[in-house]
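Student: I would like to go through the labels given to parts of a structure and ask what each one rests on. Please show it first.

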Amino acid sequence: MQPRNMSMSGVVDLAALKAAGEAKAKAEQARAQRQEAGDTAASPLVIEVTEETFESDVLQLSAEVPVVISFWADQAEQSKQLNATLERLAAQYRGRFVLATADVYANQLLFQQFGVQGVPAVFAVLAGQAMPLFQGSAPEDQITEVLDQLILVAEQRFGIVGAELEPGVAEPAEPAPERPATPQELALSAAHAALDAGDLGGAMQAYKNVLADEPGNVEAKLGLAQAELLSRVQGADPQAVRAAAADAPGDVAAQLAAADLDLVGGHVEDAFGRLVDAVRRTAGDDRDAARVRLLELFEVIGPDDPRVIAARTALARVLF
């Protein structure tokens, strides 16, 4: 099977923005403790993760270096072959990412939480946020393309640069001098910082400023869509919102509010399905409002995510 195009905006749960900050804080505390204890040994490049060690070995570590999780099973020979390839690539990348392998039969809870459909399946975790990379086996050159994109996004969006080398591995060549950041990159960094700090109004304005100069900036579009979504659900009473939507299936405003909560809670298919149904049941301005909101939520998840592709197909069926 060919790997899915990796969408760096396809986070599992937007509520992980808060968890990402907590993970970063914990990672910084762990680094400080290691330094105080005089532990300067580099982290291993390949680890075996369990449900018990997931928080320390993956979530906290993901604030320091991209963590690639490979779900495998002893009965699935493909998954073992893929692990061998990923382990070899981990050595070649020399600390730019850490590989965590997880036996699905020994870690059923992780298997379910990540929504794994089968093995092999590969995910990434950045600053506490999980995102799918690809399912099934893939040629090594395509895997390296995915890893290169992951590392680039880790650096540009999260400021995460894996720099530790496995003990005994030679130091890499001196890197080329970093070029100065462009005004657009500085503006994006400021917008991301505002979003991470919970300053949604400031983040939205900052992203709009970027888009005013560069309307096609994908990263700014994603950030703006996330900030607007989080702003809409801020202060909402989930029980009241869901009750209103259940009591009035034809109330488009109620369905929009519930769909926002669905997405923030990680129930992506539910959010999309709710809005597709709203488009199907309504007409005129109500139908257009549901359609526009669905397109906005597509921006949050990313155009290449299979859930977005499926929902676009469903939307086309009810519109035409």
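Tutor: The model is a predicted one, and the questions below take its labels in turn.

Student: Why is Ser 79 called buried?

Tutor: Buried means under 20% relative accessible area. Ser 79 has 0% relative accessibility, so it counts as buried.

Student: Which strands does helix 3 lie across?

Tutor: Helix 3, residues 77-93, lies across strand 1, strand 2, strand 3, strand 4 and strand 5. Its direction is at about 160 degrees to that of strand 2.

Student: How do you know that strand 2 and strand 4 pair?

Tutor: Pairing takes at least two bridges between two strands. Five bridges join strand 2 (residues 67-72) to strand 4 (residues 121-126), so they pair. The two run antiparallel, with Val 68 opposite Ala 124.

Student: What makes strand 1 and strand 5 edge strands?

Tutor: The open sheet has five strands in the order 1-3-2-4-5, with mixed pairing. Strand 1 (46-48) and strand 5 (129-135) each have a single partner strand, so one side of each has no neighbour in the sheet. On average, neighbouring strands of this sheet are turned by 25 degrees against each other, direction ignored.

Student: Why is Lys 208 called partly exposed?

Tutor: Partly exposed covers what falls between under 20% (buried) and over 50% (exposed). Lys 208, at 41% relative accessibility, therefore counts as partly exposed. Lys 208 is in helix 7, and beyond four places in sequence it touches Leu 224 and Glu 228.

Student: Which residues have the most contacts inside the largest nonpolar core?

Tutor: They are Tyr 207, Leu 263, Phe 272 and Leu 297, in a core of 44 residues. Helices that each supply at least two residues of this core include helix 7 (200-213) and helix 12 (284-301). Apart from this core lies another, of 25 residues, among them Leu 89, Ala 90, Ala 124 and Ala 138.

Note on methods. Residues are numbered from 1 along each chain as its sequence is written. This is a predicted model: local features need pLDDT of at least 70, side-chain atom pairs count only at pLDDT 80 or more; totals for chains, interfaces and linings use all residues. Side-chain values use heavy atoms; hydrogens and water are left out. Helices (H or I, at least four residues) and strands (E, at least two) are DSSP runs, numbered from the N terminus. Axes are lines fitted to C-alpha atoms, for helices over the stretch in contact, and angles run from 0 to 180 degrees between N-to-C directions. Contact means heavy atoms within 4.5 Å. A nonpolar core is a set of buried Ala, Val, Leu, Ile, Met, Phe, Trp, Tyr and Cys residues joined through side-chain atoms within 4.5 Å. Buried means under 20% relative accessible area, exposed over 50%, partly exposed in between (1.4 Å probe, protein chains only).
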